[in-house]
Amino acid sequence: MAKRKRNKILIADARKGLDDLKAKVAGTDNPEEAKFEVAKEMGVPFKKNDNGLLTAKENGKIGGRLGGGMVKELVKMAQESLTKK
């Protein structure tokens, strides 16, 4: 199986905006706590530095919720931007 490339942010200045969006989607003020907040809401036992026993399904729930929420929010922002023109 081929190794999957990790997504990189191509514009370094976009990091803060993406972190803010992640925090907004998770309903927290701190982007570092976003995945823990989502895990708590979904009942996934996600802890700092000790997640070796989580299943792919559990990890996917967390990442899918954050990533999917971010995409939905970005689409919403783009639609609003287009209607203002």
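Visitor: How far apart are the mean positions of the positive and negative charges of the chain?

Guide: In this predicted model, the mean positions of the 20 positive and 12 negative charges are 7 Å apart. Lys and Arg count as positive and Asp and Glu as negative, while His and the chain ends are not counted. Each charge is placed at NZ of Lys, CZ of Arg, CG of Asp or CD of Glu.

Visitor: What should I know about the numbering and the model?

Guide: Residues are numbered from 1 along each chain as its sequence is written, and side-chain values use heavy atoms, without hydrogens and water. Because the model is predicted, local features need pLDDT of at least 70 and side-chain atom pairs count only at pLDDT 80 or more, whereas totals for chains, interfaces and linings use all residues.

Visitor: What makes up the chain, helices or strands?

Guide: The chain has three helices and zero strands, in the order α-α-α from the N terminus. Helices are DSSP runs of H or I with at least four residues, strands are E runs of at least two, and both are numbered from the N terminus.

Visitor: Why is the chain called more spread out than a compact globule?

Guide: Its radius of gyration is 15 Å, well over the 12 Å that the globule rule gives for 85 residues, so the chain is more spread out than a compact globule. The radius is taken over C-alpha atoms, and the rule is 2.2 Å times the number of residues to the power 0.38.

Visitor: Why is E73 called buried?

Guide: Buried means under 20% relative accessible area, exposed over 50%, and partly exposed in between, with a 1.4 Å probe and protein chains only. E73 has 14% relative accessibility, so E73 counts as buried. This residue lies in helix 3.

Visitor: What about A34, buried or exposed?

Guide: A34 has a relative accessible area of 0%, so A34 is buried. A34 lies in helix 2. Leaving aside neighbours within four places in sequence, A34 is in contact (heavy atoms within 4.5 Å) with K22, A26, T28 and L66.

Visitor: Which residues make up the largest nonpolar core?

Guide: A26, A34, F36, V38, A39, V44, F46, L54, I62 and L66 do, 10 residues in all. Helix 2 gives the most to this core, with four residues. A nonpolar core is a set of buried Ala, Val, Leu, Ile, Met, Phe, Trp, Tyr and Cys residues joined through side-chain atoms within 4.5 Å.
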